[in-house]
Structure formats: structure tokens, C-alpha cells
Amino acid sequence: MVAPTLTSDHPGLEVLAEVAKVLAAGRGGPAEVGLLGVVGVLRRGLGLRRCHLWLRSSDGARYLPIASPEDETQLPGFSAPVETWVSRGAHREAVNGGTLVRLPLVHGEAPLGCLEAVIPEGRHERMANDVLVVVAAMLGPVVAAAELSLDLASEVADRTREMESQRNFAARIIDSLPVGLYVIDRSYRIRAWNRKREAGTQGVSREEALGREVFDVLDRQPRELLKKEFDRVFQTGEIQQVEMDSQATGEARHYRITKIPMRLDGEDISHVITIGEDVTGWRQAQQRLAQSEKLAAIGQLAAGVMHEINNPLATILACSEALSLRVAELPEADRRAYEEYLRIMDTEVQRCRRIVEGLLDFSRPKKSGHKTASDLNAIIEQTLFLLKHHERFKWLTIDRQLEAGLPAFPADSERLVQCFMALMLNAMDAMNSRGVLTVRTCLNRERSDELLAEFIDTGTGIKQEDLPKIFEPFFTTKPQGRGTGLGLSVAYGIVEEHRGRIVVESQLGVGTNFKVFLPI
């Protein structure tokens, strides 16, 4: 559309038209550029000696001038009292060679600035004054709109920064969680993937995962099974939780997978949050707690009956000894038969007594002596010395890997010798007296406040289904007559007395490693 043109050559109208044109052209751009153009048009069109446009700063604390470079400048050191000019209202006064005009820029009742000009003397002086008055009236809404635009832009920028800060804060919270977390939408595309997931078993980075279908990223899991799990959450809106075992890292780990429905609009389920938590440590703690409770219950039971068993055994043994004194009076043939019977009785009674003594040790462990600062390596060496002359133990190859300079720790040395002896004899039986027993000590690499003693054999190993039961009293995989099943139970109790823990790792056909952790 072609803009209408002026039919009059009135100079004032031409200046106003030029001002309007400059303002229209500067719409959408920086306000200062358009206003500087207006100052230039006024100065040239009206022949002004000075034309300043004073505008309020963004903080409202002062007024800043807009003037063309060729304009008459203020005297050095002069500070314009613009606020006084604005509050005084329109002002005209005669100056050398012309008239000084100051016109406040006001929109509504808000003062926005001041238009200051020096009109030269001449026949167009009154016309120039009227043009300046009209321009001042035009500039009020323009400056107000520019300020509003700046305020809105500033508010939008502040709100954007605040939202970005909140988003970053939420992202940092999610990344700091000690669980793997990711979110999918209804098209099964990944919309969030925290740093713990990046360090997971599949090690997929966030950049690689976001936007892709979850089935392409978690390709180790059956697609249909995974889709069915997500669909169940989308359909029912219920939290789904499963537990699973994994060997992906080379060691047995236990995970709890939780799928949580998410609603963006408060009604329909739009996303599913999946949280994967490694609960191996928790599960082991639960097993240790259950083991301790089981041992305590059996111990109480044993304490109630052990004396009732021990007393008859003592009577039988005494009668057996009395009968052995009369065997010599019997005829030769009868004597040999009775001696064999008495020998069998004595052997079995002694075996029963060992079982009872082991049960006594288990149900009412010897009160732990006063714990003193002890040397773990010295306790290991003392145990090996005591076993040195054992009939079957001496056939083993002992590989000592004892780290020097380990810190002392509080311990009852005698009790730990009993514990370590039980573990080494158990290793001997597992290797059938032929193999290598590695005894290793060091600081726990994962916790600097613990010492670690390891007893590694090259025996047959323990079945995975038997591992949770090896510390139970009377549980044994040894042939009949080769053990009471109390050795490991007693060792477990001794380690607990020292506020430590035992961890067992075993592989069939390779061997077993008993790890004893003791606090410093």
C-alpha cells in the first residue's frame, strides 16, 4: 500500500512527517536508534543549535542524553538537573541568539524524560516551537512503549533464567541419585537418562540415549517383555516393581527395578519413570541379619539341652571305663570282643562330646577377652604355626601374601586364631589335603577403616544354592564323619564379636575365597 503524500510545502508539516517516518521505520528495533534519528531530523529540519532528548535510565536513578554528534554540547562539568526540569513542566526562556525550550515527556502521569532545544531567532521561531510541542506529545507514548518493552524483555529474560536454573537444579538432583533413572513417553522414546544410567552395565551416554526407542538402547532385554511391562503401567497406572539377578558385570548383583506412572496434565499417563537400584548390599545385609537371628535362635535351643546331653554322655563314658577295668578278668576270646565293643563305645562317646563342646562354643561362645591392639599378620602366622604339624594340613602348599605395615586393630587374638583355624581346616577339607591355600592380608581397598584377611583354596568350590546356608549350624557338605558342621558357625560368631563380617565367593571346580573384614 502506498502511503499518502503531503500537498502542502509547510516546513513544520514536513518535519513532523519526517519524524513520523523515522519512528515508523524504527519500530521493532532498538528505541535509542529511532530516537536518535528523531533528534537528527529536528536539528536539521528546524535548524536547532541544540537538541537533546533526556530519557530516564532503566533503574530510574538518572536521566541519560540522546544527541547527534554535531550538536552544541553542555559546558564541561555541567550536570543537567533534568528531574527538576521535568517537575517544573514546559519552560521557555530567551538565551543569546535564540530561545531555550524544555518540554517534559509524559505518558499518563508518569514522567519519562525531557526534550531540550535551542531555537535560533528568525521568522520560523514560533513554528519550530509548535513542532517541538507536537513531537514531545508524540514521543511520550513512544518512550513509554519502549520502556514497557524493555521491562517485558527483562522479565522474560529473568523468568527464562529462573526456569533454566530450576531445570538445571532438577537435573542435578536426578543425576545425583544413587540409582539409574530414565523416562519414556507413550511412543517408547527416551526423554530423560541420568548419569547413573550412563555408568550402568550397558554404559550408554545420555546423548546417545535421548530421543531413541528404549528397545534399541536396552537391547539385552527381550523387546516384547519390556514393552509388556511398560504397557501394564500405562494401562493400570500402578507402580510395578520386580527384582532380578544379573551377572553382566562378571559378579552376581541384585537389582530392584521400579516403574512409576507419570502424568503431565494430571489425568492421563504420559510417561513412565523407570528406576533401577542395585540392592546387592542391602540383600546381603538382610541375609546376614536373618543368619544372625537364626544362629541366635539355635543357640538358645542348644543352651537349653546341651547339659542334658552332656551329663548322660559323662555317665556312659564312666561306665565304659569301669567295664574296661574288668575286661582283663574275662577269657581271652571274650576279652577281645568286649575290648572292640568298648573301643567303639569310647570313640563314639568322644565324638558326641566333641559335638557337644562345639555346640557349647556356638550357643554360649567364650566370653571375648579384653581386646588389645593386635597385629593381623602375627595372628595369621600363629594360626599357621599351630597347624604346621597337623597330619593332613602339612600336605598343603601355603602361599603367604601378607601385606607389611598394616595398622594395629582391637582384637581378642585367641578367638581370632580359633576363627582362622576353622577357615583353614575347612579349606583343607575342600581340597582333600592336596592343593594351594593362599592366605592374604591387606587394607580394604574400598574402606580405609577395615582390614581384610582372605583364605583362598583351590578346592571343589561351593554350589551357589548352598552359599546362603554354609554358616548354619550342622550344615556340611563333607562326607559323614568328617565334620560336625559347627566350624564355620563358630567362626561367623567370632567375627561378629569383633564387629566384622565374612563374605564368601566360590566357583565350582575353581575354589573358594573366604573374606574376613575387621574394623581398625
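In this predicted model, five strands line up as an open sheet, running E12-E14-E15-E17-E16, with mixed pairing. The two ends of that row are E12 (397-402) and E16 (501-507); each has just a single partner strand, so one side of each is left with no neighbour in the sheet. Going from one strand to the next, the twist averages 15°.

At the E12 end, the pairing can be followed down to the residue. E12 runs parallel to strand E14 (residues 436-443), and 6 bridges link the pair.

Helix H13 (residues 487-497) sits against it by touching E16 and E17, and the helix direction makes about 140° with that of E16. Helix H12 (residues 413-430), for its part, lies across three strands: E14, E15 (450-457) and E17 (511-519). Relative to E17, H12 runs at about 170°.

Phe169, Ile173, Ile174 and Leu177 make up a nonpolar patch on the surface, and together they have about 350 Å² of accessible area. Of these, Ile173 belongs to helix H4, which spans residues 125-176. Ile173 has a relative accessibility of 42%, so it counts as partly exposed, a class that lies between the 20% and 50% cut-offs.

Methods
Residues numbered from 1 in each chain as written. Predicted model: local features only at pLDDT ≥ 70, side-chain atom pairs only at ≥ 80, totals over all residues. Heavy atoms only, no water. Pairing = 2+ DSSP bridges. Helix = DSSP H or I, 4+ residues; strand = E, 2+ residues; numbered from the N terminus. Axes fitted to C-alpha atoms, helices over the stretch in contact; angles between N-to-C directions. Contact = heavy atoms within 4.5 Å. Patch = residues over 30% accessible without salt bridge, like charges linked within 9 Å, V, L, I, M, F, W, Y side chains within 5 Å. Areas by Shrake-Rupley, 256 points an atom, 1.4 Å probe, with all protein chains shown as cover. Salt bridge = Lys/Arg side-chain N within 4 Å of Asp/Glu carboxyl O. Buried < 20%, exposed > 50% of the residue type's maximum accessible area, 1.4 Å probe, protein only.
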